Each structure stands twice: as C-alpha cells, then as structure tokens.
Amino acid sequence: MSVEPTGDQRLFQTTTREFLDRTVPIETVRELADTTTGFDDQWWRRGAALGWTAMLVPESLGGGSVSGQPMTELALVAEEFGRTCAPGPLIPTSAVLAGLAPAGDRFADVIAEVVSGGTIAAWALYEPGHGLDLSAPGTRAEPDGTGYRLTGVKDRVEAGDRADLFLVTAHGSDGPIQVLVRADTPGVTVTPTWTLDLVRHTARVEFANVLIDAEAVVHKGETASTATQSQLHVAAALAAAESVGATRRTFDTTMTWMFDRYTFGRPLASNQALKHRMADNKTWLEACHATARAAAVAIDENPSTAAEFVSVAKSYIGTKAPVIVQDCVQIHGGIGVTWEHDLHLFLRRVTYGRALYGTAQEHHRRITDLLVRGAA
C-alpha cells in the first residue's frame with residue numbers, strides 16, 4: 001500500500017488549498033461564525049465545480065476522480081478543510097453520494113443536483129441517546145399502500161439545518177432501509193442544534209408520519225446494511241483526515257511561535273523540555289497522518305479491509321489529535337487561550353471531529369469486534 005500522493009493528486013490538493021486560502025481565510029471563518037448559515041451557497045457551488053463532490057460518483061453519472069483513487073483524493077480535500085477550518089457540508093455530502101452512487105441510474109437526477117452543489121444533502125444516521133449503534137431502535141419506515149410511512153427522530157445531522165435533502169437510515173419490516181426525503185416534505189421538522197465547531201452546524205430532524213413513495217427507497221435489507229457501513233467508512237475517514245489537517249496547522253503555527261517568541265533572552269524553542277514535548281507531538285502527528293491516509297487508500301484499493309483501517313485511524317487520531325492541539329495551546333501561554341488567537345478554532349475542529357461518526361472508544365470497540373469475528 002502506497003500512502004504518498006501522486007503528482008496529479010498533489011496538484012489537486014494544491015488547487016484546493018489555494019482556493020480555500022483565497023475564499024475562506026481564518027478572518028472569513030470568524031465572520032461566518034457570527035451567522036446562522038455556516039457557509040455561502042455560491043461558495044459551495046464553486047467548490048463543487050473544482051471536483052469536491054464528484055469523486056465518489058462514477059463518470060457515467062457525471063462524476064469522476066483525478067487519478068482513479070476517489071477516496072484518497074477526497075481525503076486530501078478534507079485535510080485542507082481542516083487546515084483552514086473551512087465550512088461546508090463536505091462530509092455529509094460525500095456520505096450521501098457514497099450511498100446513492102451504487103443505486104445507479106435510478107437516482108441520476110438527484111446525484112446530478114448534489115454533485116453540482118445546487119442541492120445540499122445530509123445523512124440522517126444518529127438516533128437520540130445512542131452512539132454509533134446502527135442496530136438501535138428508533139426511526140422506522142413501515143409499508144403504507146404503495147409507499148412507506150416514516151416516523152422517528154434523528155439528531156446530530158451534520159448540515160441538517162441547511163439540507164434540501166436527507167438520506168435517512170431507518171428500520172423497516174424487513175430489516176434496514178434507506179430512503180430519500182426532501183426537507184420540505186409535509187411532516188419533516190428541522191431544528192438547528194449547537195456544536196462546538198463555530199461553522200459546522202447540525203440539526204435535529206423529526207419525521208412525523210412522513211409519506212414516502214416507493215421510488216424514494218435507495219436500499220433495503222442486506223444491501224442497506226452494506227451501504228450504511230460503506231457510508232460510515234467514508235464519513236469517518238474524512239473526519240479523521242480533517243482532524244489531521246487541523247492538527248498539522250496547529251503544530252506548524254506553534255513551531256513558528258517557539259522560534260519567534262523570546263523569553264529570558266533566548267528563543268522559546270531552545271528550551272530542552274519543550275523540544276522533547278514537540279518531538280513527541282511530531283511523532284504522534286506523523287502517525288495520525290499515516291493512519292488517516294492508509295484508511296482512505298484501503299477504501300479505494302481493498303474495501304474488505306476498510307473497516308479495520310478506518311477504525312484504527314479514527315480511534316488513534318481521536319485520541320492523539322486533541323492532546324497535540326491542547327499542548328500547542330499551552331505552549332502559547334496566556335495568548336493561546338484568548339478568543340482573538342486562532343488556536344481555539346482548530347481545537348474546536350479536532351474536538352468536534354473526535355466525536356463525529358464514532359468516538360475513539362466506539363472505534364476501539366469496533367476493532368475488538370473485528371478481531372473477535374476474525375478469530376472465530
């Protein structure tokens with residue numbers, strides 16, 4: 001397995017970095033934090049035109065990747081999102097498209113809307129009071145005439161407050177089921193909810209006897225279970241890559257600070273104890289980067305191993321990234337804990353990312369389950 005980007009992938013990453021630096025610098029992120037929108041629609045469509053939303057969609061449906069490794073390339077975009085604390089529904093959009101693409105031509109029009117950036121899609125996965133337990137009882141889609149009746153509540157729906165469309169993972173009479181629901185469908189109530197990240201919003205979405213046509217069913221039964229796991233792998237791997245980008249930016253900023261900041265007549269970087277701390281942080285950071293990249297490559301090249309690689313990345317990064325960023329905040333001293341300094345934006349991003357699509361503890365448990373099944 002090679003985890004080093006190709007030349008084309010590096011060019012794509014550089015293009016994304018330049019676009020984000022130009023359009024959503026930290027100053028703009030701070031301005032967006034004072035709004036209820038989180039991101040600009042036109043800005044998201046411009047990002048979609050760069051290819052952010054097309055990676056996981058086959059060319060026959062209007063998508064395509066740079067070099068045939070769509071998840072690896074999308075993870076590079078996620079790293080840049082973390083590096084700039086960028087807003088936008090990159091992860092939920094990717095998760096929805098990962099679920100829709102295998103359904104093929106049946107949802108070609110919907111896929112085209114999402115790929116263009118004109119339609120914001122969100123994945124309604126979490127049940128209130130439950131973590132990453134996909135078997136948790138809750139939202140149900142029961143047969144009703146020629147269609148279905150959807151009832152239940154989903155929370156922690158990322159970008160749910162801005163979504164035009166929801167891909168809902170629910171339970172049916174014959175097992176798991178995934179359905180598409182427009183946000184303006186009668187019986188759908190969306191309530192914005194608070195998150196630690198200033199520009200990443202979530203929502204609580206209630207489905208009160210929502211009538212759904214049979215054509216809105218994306219997956220059923222075992223196919224739905226497989227699709228949900230694949231979507232989870234995509235979302236968790238992207239969340240891990242985002243955290244790595246945010247952590248690397250924080251580390252680099254702190255290294256610059258340590259050489260620029262003089263105390264008792266010498267640079268802060270000359271302090272031996274701080275050198276040892278940053279050496280440890282650098283080692284952990286490189287391991288975070290390697291596990292995140294390996295997870296993305298596994299999804300592209302060997303999906304049968306993706307569950308293990310993704311959970312290793314998510315659990316390791318979820319454990320180490322917040323520690324690295326917290327240490328960098330402490331090394332900055334008093335200025336590091338002020339609102340005016342940018343470090344808290346990155347700390348918010350990695351702390352939020354730690355809980356997104358499975359905590360470190362939940363992914364540790366998933367690794368244990370995989371090992372037990374492999375030994376059986």
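Mentor: Helices α7 and α9 are roughly parallel to each other. Angles under 35 degrees count as roughly parallel, over 145 as roughly antiparallel, 65 to 115 as roughly perpendicular, and the rest as oblique. The model is predicted, so local features need pLDDT of at least 70 and side-chain atom pairs count only at pLDDT 80 or more, while totals for chains, interfaces and linings use all residues. Residues are numbered from 1 along each chain as its sequence is written, and side-chain values use heavy atoms, with hydrogens and water left out.

Trainee: At what angle do the axes of α7 and α9 cross?

Mentor: Axes are lines fitted to C-alpha atoms, for helices over the stretch in contact, and angles run from 0 to 180 degrees between N-to-C directions. Helices (H or I, at least four residues) and strands (E, at least two) are DSSP runs, numbered from the N terminus. Here the α7 and α9 axes cross at roughly 25 degrees and come within 9 Å.

Trainee: Is the crossing of α7 and α9 left-handed or right-handed?

Mentor: A crossing is left-handed if the near helix is turned anticlockwise from the far one by less than a right angle, and right-handed if clockwise. α7 passes α9 in a left-handed crossing.

Trainee: How do α9 and α10 cross?

Mentor: Helix α9 covers residues 306-331 and helix α10 covers residues 343-355; their axes come within 9 Å and cross at roughly 160 degrees. That angle makes α9 roughly antiparallel to α10. Their crossing is left-handed.

Trainee: Which residues of α9 and α10 meet?

Mentor: Contact means heavy atoms within 4.5 Å. On the α9 side, the residues that meet α10 include Lys 314, Gly 318, Pro 322 and Cys 328. On the α10 side, those that meet α9 include Leu 343, Phe 346, Val 350 and Gly 353.

Trainee: Is Gly 353 buried or exposed?

Mentor: Buried means under 20% relative accessible area, exposed over 50%, and partly exposed in between (1.4 Å probe, protein chains only). Gly 353, in helix α10, has a relative accessible area of 8% and is buried. Leaving aside neighbours within four places in sequence, Gly 353 is in contact with Ala 239, Ser 243 and Lys 314. Gly 353 and Ala 240 are 113 residues apart in sequence, yet their C-alpha atoms are 7.1 Å apart in space.

Trainee: How many disulfides does the structure hold?

Mentor: A disulfide is a covalent bond between the sulfur atoms of two cysteines. The cut-off used is a pair of cysteine sulfur atoms within 2.5 Å. The structure holds zero disulfides. For Cys 288, the closest cysteine sulfur is that of Cys 328, 12 Å away, which is too far for a bond. Cys 288 is buried at 2% relative accessibility, and Cys 328 is buried at 0%.

Trainee: Which residues touch the most other members of the largest nonpolar core?

Mentor: In soluble globular proteins, nonpolar side chains tend to be buried together. A nonpolar core is a set of buried Ala, Val, Leu, Ile, Met, Phe, Trp, Tyr and Cys residues joined through side-chain atoms within 4.5 Å. The largest one has 65 residues, and those touching the most other members are Trp 43, Trp 52, Phe 81, Trp 123 and Tyr 357. Helix α7 (residues 221-260) gives the largest share of this core, 10 residues. Apart from this core lies another, of 21 residues, among them Tyr 148, Phe 166, Val 179 and Val 188.

Trainee: What does Trp 43 touch?

Mentor: Not counting residues up to four places away in sequence, the residues Trp 43 touches include Phe 19, Leu 20, Trp 52 and Phe 81. Leu 20 in α1 and Phe 81 in α4 are also among the residues through which those two helices meet. Helix α1 (residues 7-23) and helix α4 (residues 70-84) pack at an angle of about 30 degrees, with their axes 9 Å apart. That makes α1 roughly parallel to α4, and α1 passes α4 in a right-handed crossing.

Trainee: What is the phi of Arg 156?

Mentor: Most residues other than glycine have a negative phi. Phi of Arg 156 is positive, near 55 degrees. Arg 156 is found in strand β3 (residues 147-158) and is partly exposed, at 34% relative accessibility. Ala 159 also has a positive phi, near 65 degrees. Ala 159 lies in the loop between β3 and β4 (165-172) and counts as buried, at 6% relative accessibility.
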